[in-house]
Amino acid sequence: MARIINQVAVFGLGKVGELVAVMLGESGFKVIGYDAAPRDDLGFEVRPLDVRDGLSDALRGVDAIISCLPYSLNAAIAEAAAEAGVHYFDLTEDVPTTNRVIELAEGATVAFAPQCGLAPGLIGIIGASIAATFDEIRAIELKVGALPQNPTGLLGYAINWSPEGVVNEYLNDCEVLRSGHRQMVPAMTGQERVLIGGIELEAALTSGGLGTMCQTYEGSVQRLDYKTLRYPGHFDQMHFLFDELNLRDQPELVGKMLIDSKPPVNDDIVYIHAAVEGVKSGQPFRENYVRGYKPIDISGRIWRAISWTTAASAVSVVELVADGVLPGAGFIKQEDITLEQLYSTQAGRHFAEQGRI
């Protein structure tokens, strides 16, 4: 069967966007990259782009767009995609942006699939796939951490992801399910100790990681939440930064401080910890999915764990829409995608091959 997506535009060729373009090419798509500072050494066509100047030219002749730009730009890009009749994908964790995409998807003749990264994205696919094997579900607990393998300092951290995204998830309230109902709770609360492969970590609630899962599972799951994994002591230091130093109203300053003091590292690791509790085959049961993804070689180059896990998740969703496995129109929830479907794609096979603890 012919693909409904052949040519894809990638907006933003930074830490993740470049690899998204590379993996799209590996998966058989024709790729055009757009960036404010275009390069000629990437092996695919790259054109200059300033989102503020309009997007109609960039969307002309393409079947789909993946936005790898900061979340604050995505609503405008989604609106342009809707007007042009182009399939839309992004990596956002921002709730208002996703709500706008949901509005645009109503009655659309193309697919709108935001939240195609790690969290939301991959972690929701994993959690929902485990939950589908239970007769009754009491709790779904989802955790992700993108960390240095060899941490230093009190924060034990390195900014391998967008500093804007990190600060956003630490400051905004978190949607959770408690007693089967949706509610909002403060970020960086609900701390707990977690051990993965003998490594001690801590986890706390952060915003945006669940995507649309609270709406999907409200009334059928008693407890659902998403937490970010960090090395012990990290959240105490962030509370000091935001609360004792009164920097909650200066997120841009905090982001700059973090990138200056904790620059990216190549030896990173992405921890995934998903757990479902409930009843299976008439008996109480808890099932865990635990992985630790490290840098791997893709197309002859070693890519950081945060880059390839995010890019592979996004490209997998594009493949599934292109091949007709997922709907080609309307809004696509990440939790409607199965782990088996993800594994079946060219990009998603990396998750099946890597990460065993």
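Does Tyr 34 count as buried or exposed, and at what relative accessibility?

Modeller: Tyr 34 counts as buried, because its relative accessibility is 3%; buried means under 20% relative accessible area, exposed over 50%, and partly exposed in between, for a 1.4 Å probe and protein chains only. The model is a predicted one, in which local features need pLDDT of at least 70 and side-chain atom pairs count only at pLDDT 80 or more, while totals for chains, interfaces and linings use all residues. Residues are numbered from 1 along each chain as its sequence is written, and side-chain values use heavy atoms, with hydrogens and water left out.

Eight aromatic pairs are present in the structure. (Rings of Phe, Tyr and Trp, the last by its six-membered ring, pair if their centres lie within 6.5 Å; planes under 30 degrees apart count as stacked, over 60 as edge-to-face and the rest as tilted.) Tyr 34 pairs with Phe 11: the ring centres are 5.4 Å apart and the planes stand at 75 degrees, so this pair is edge-to-face. Distant parts of the chain are linked here, since Phe 11 belongs to strand β1 (residues 7-11) and Tyr 34 to strand β2 (residues 30-35), 23 residues apart. (Strands, E, of at least two residues, and helices, H or I, of at least four, are DSSP runs numbered from the N terminus.) Phe 11 is likewise buried, at 0% relative accessibility.

Another pair, Tyr 88 with Phe 112, is tilted, with 6.0 Å from centre to centre and 35 degrees between the planes. Because Tyr 88 lies in strand β5 (residues 87-90) and Phe 112 in strand β6 (residues 111-113), the pair ties together parts 24 residues apart in sequence. Tyr 88 has a relative accessible area of 0% and is buried; Phe 112 is buried at 0% relative accessibility. Elsewhere, Tyr 170, Phe 235 and Phe 242 are joined into a cluster through ring pairs.
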